[in-house]
Amino acid sequence: MIHFKDVSFAYKEGKWAVRHINFTVNKGEFVSIIGGNGSGKSTIARLSDGLLLPQEGSVFVDEINSRAKKDEFFIKEKVGIVFQNPDNQFVGTTVEEDIAFGLENIGVERVEAKARIEQISSLLGIDKYLHGSPSYLSGGEKQKVAIASVLVMQPDYLVMDEITALLDPVSRKEVLNLVHSIAENKNIGVLYITHITEEVIKSDKVLVLHKGEKIKEGAPAVILQDMKLLRSAGVASLPSVIISEDLRKHGIISASFVDEEDLIGSLCSN
Amino acid sequence: MLELKNVFVTYDPNTIFMSNALVDISLMIKKNESVGIVGRIGSGKSTLIQLFNGLIKPDNGAVLLDNDDINSKQIDIRKVRKKVGIVFQYPEEQFFAETVFAEVAFGPKNMGMRETELKDAVFSALKDMGFSSEKIAQRSPFSLSGGEKRRVAIASIIAMNPDILVLDEPMAGMDFNGKEKLSKYIKNEIKNGRTVVFVTHNMEELLEIADRVIALDEGKKVFDGRVRDFFSDEKLIEKIGIDIPSVVRMRNKLKKYYSDIPFCRTPLEISSYLKKRYRH
Ligand SMILES: Nc1ncnc2c1ncn2[C@@H]1O[C@H](COP(=O)(O)OP(=O)(O)O)[C@@H](O)[C@H]1O
Ligand SMILES: Nc1ncnc2c1ncn2[C@@H]1O[C@H](COP(=O)(O)OP(=O)(O)O)[C@@H](O)[C@H]1O
Ligand SMILES: [Mg+2]
Ligand SMILES: [Mg+2]
């Protein structure tokens with residue numbers, strides 16, 4: 001379990017980037033954080049694997065406090081992070097070398113490494129680029145490579161910080177579905193950070209972040225119907241909810257719908 | 001008017017990395033149009049727009065601006081670049097100046113604009129991008145929020161007053177508030193007569209801003225026409241890896257029941273139609 005216990009962090013004294021944050025991510029659980037730019041999402045990502053240490057409160061990964069210096073590597077192995085900008089993450093001259101980099105560092109055998117790389121890259125649809133240079137890839141392709149580099153390490157938790165920002169809509173869905181299915185099948189806990197509302201629909205729970213504070217936590221169906229909450233957090237509402245709310249105000253339908261099909265169903269049945 | 005005639009671009013020819021980035025592209029962009037360019041990652045969108053001001057030269061075919069071949073020796077490429085301003089992806093990553101003013105003034109200064117005009121050009125461009133107070137000009141561009149940085153970067157191109165403003169994924173990485181603002185200012189540019197061409201993956205953005213769509217697939221132009229016609233070609237859309245936006249999907253489903261529902265660009269256009277319908 002990743003456990004944030006009353007966590008506060010400031011880059012500069014007196015200016016909290018995140019404040020009093022509490023939440024947990026269990027293995028196999030898919031937890032989303034949604035919020036506008038500057039709301040503290042990336043700070044939470046960096047706190048979750050000990051890249052940053054909180055000034056107040058504590059972050060635990062499987063009970064280990066991220067402040068425990070001797071367990072630094074334990075936490076880094078348990079928690080794999082993919083950031084929004086893949087360019088900062090490249091080290092190798094070929095894509096394959098790049099993905100292999102982390103594996104070599106932790107001493108995984110060549111044969112095993114190769115097998116993992118092949119499996120994950122075909123899963124992500126990047127096997128055809130393995131022998132090319134990462135610098136020629138487009139942003140989205142690079143991001144898939146970055147995701148593969150983390151997945152081959154077989155972490156227990158994945159923290160994904162706006163990883164689909166550079167992907168086209170179809171690969172975005174592909175990648176998101178993939179992350180969902182990995183979380184389920186491999187029993188990985190996912191902390192999925194995004195500002196795209198549709199992306200949180202299938203989460204187990206959603207945290208809404210605004211100005212460094214968690215302003216709400218709940219099931220996606222509940223959070224997504226709250227247009228006021230989302231607007232104040234600077235994130236978009238779903239078109240289905242915008243339409244429902246407008247119609248509800250005028251007494252045309254009686255409930256608000258997150259699911260498009262449900263909305264259409266209610267409008268096309270009477 | 002910008003015209004591409006049977007343009008081909010090949011990267012790394014005669015090597016194993018050879019890629020036919022653009023294949024036989026012809027198109028025309030007329031004054032005052034707003035054109036969205038869509039297609040998968042790697043389909044050639046960024047290559048295409050870099051042809052527009054000569055940053056990339058075609059291996060075959062021609063790029064004409066107001067009927068002149070921009071790659072011919074007689075043409076002053078600086079004049080072309082003044083007329084066709086390109087804002088690249090994540091333009092704020094290229095910031096270098098100490099003040100917003102210097103950042104925005106850099107382009108027009110380089111183009112030989114005189115000091116006297118420069119100030120007006122800079123402030124008018126900043127205003128276009130939603131900075132009404134002149135105080136912003138003396139701040140460091142690095143101190144701005146992500147959304148503000150992006151708008152300053154766009155202002156630095158607008159300051160050259162290009163006829164055609166070309167944007168490569170202008171909203172990438174921005175949040176809802178940032179997108180909402182930027183989309184408003186881009187729409188204003190169009191309203192004020194600027195020709196706007198933008199690359200996007202976001203179909204909501206396309207619906208809201210563009211009149212026309214050019215779709216690329218593996219370097220080929222596979223669609224060129226009105227937004228509404230684009231979204232009614234479901235087979236094509238699926239083939240080129242585009243996701244039908246929720247608004248269009250819902251509208252199409254409603255059409256089976258409400259046969260007179262018009263094409264809708266936003267959720268509120270759908271609910272307005274339904275409200276009218278239920279009033280009767
Ligand atoms: N390296 C840094 N140094 C100083 N302030 C920072 C740094 N990174 C982020 N911040 C500030 O912390 C706050 C939260 O930022 P961040 O966690 O990056 O938000 P988000 O990822 O939601 O956009 C913002 O006010 C931001 O300006
Ligand atoms: N500088 C370059 N060198 C070699 N190949 C490139 C270069 N830039 C782009 N490509 C290749 O050309 C194709 C089109 O790329 P690009 O125009 O960037 O597409 P898009 O902007 O649609 O993602 C891709 O296959 C890409 O890998
Ligand atoms: Mg962030
Ligand atoms: Mg591109």
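**View 1. Helix α1 of chain A at ligand 1.** Helix α1 (residues 41-48) of chain A supplies the largest share of the shell around ligand 1, with three residues. Helices (H or I, at least four residues) and strands (E, at least two) are DSSP runs, numbered from the N terminus. This is a predicted model: local features need pLDDT of at least 70, side-chain atom pairs count only at pLDDT 80 or more, and totals for chains, interfaces and linings use all residues. Residues are numbered from 1 along each chain as its sequence is written, while chains are lettered from A and ligands numbered from 1 in the order in which they are written.

**View 2. The residues around ligand 1.** Look here for Tyr11(A), Ala17(A), Gly35(A), Asn37(A), Gly38(A), Ser39(A), Gly40(A), Lys41(A), Ser42(A) and Thr43(A); a residue is near a molecule if its C-beta atom, placed from the backbone, lies within 6 Å of it. By class, this shell has two nonpolar, seven polar and one charged residues (Ala, Val, Leu, Ile, Met, Phe, Trp, Tyr, Cys and Pro count as nonpolar, Asp, Glu, Lys and Arg as charged, and the others, Gly among them, as polar).

**View 3. Ligand 2, a site shared between chains.** Residues from chains A and B surround ligand 2, so the site is shared. Of the 14 residues around ligand 2, Tyr11(B), Ala21(B), Lys45(B), Ser46(B) and Thr47(B) come nearest. Strand β2 (19-29) and helix α1 (45-51) of chain B each give two or more residues to the shell, and α1(B) gives the most, with three. The shell around ligand 2 divides into four nonpolar, eight polar and two charged residues.
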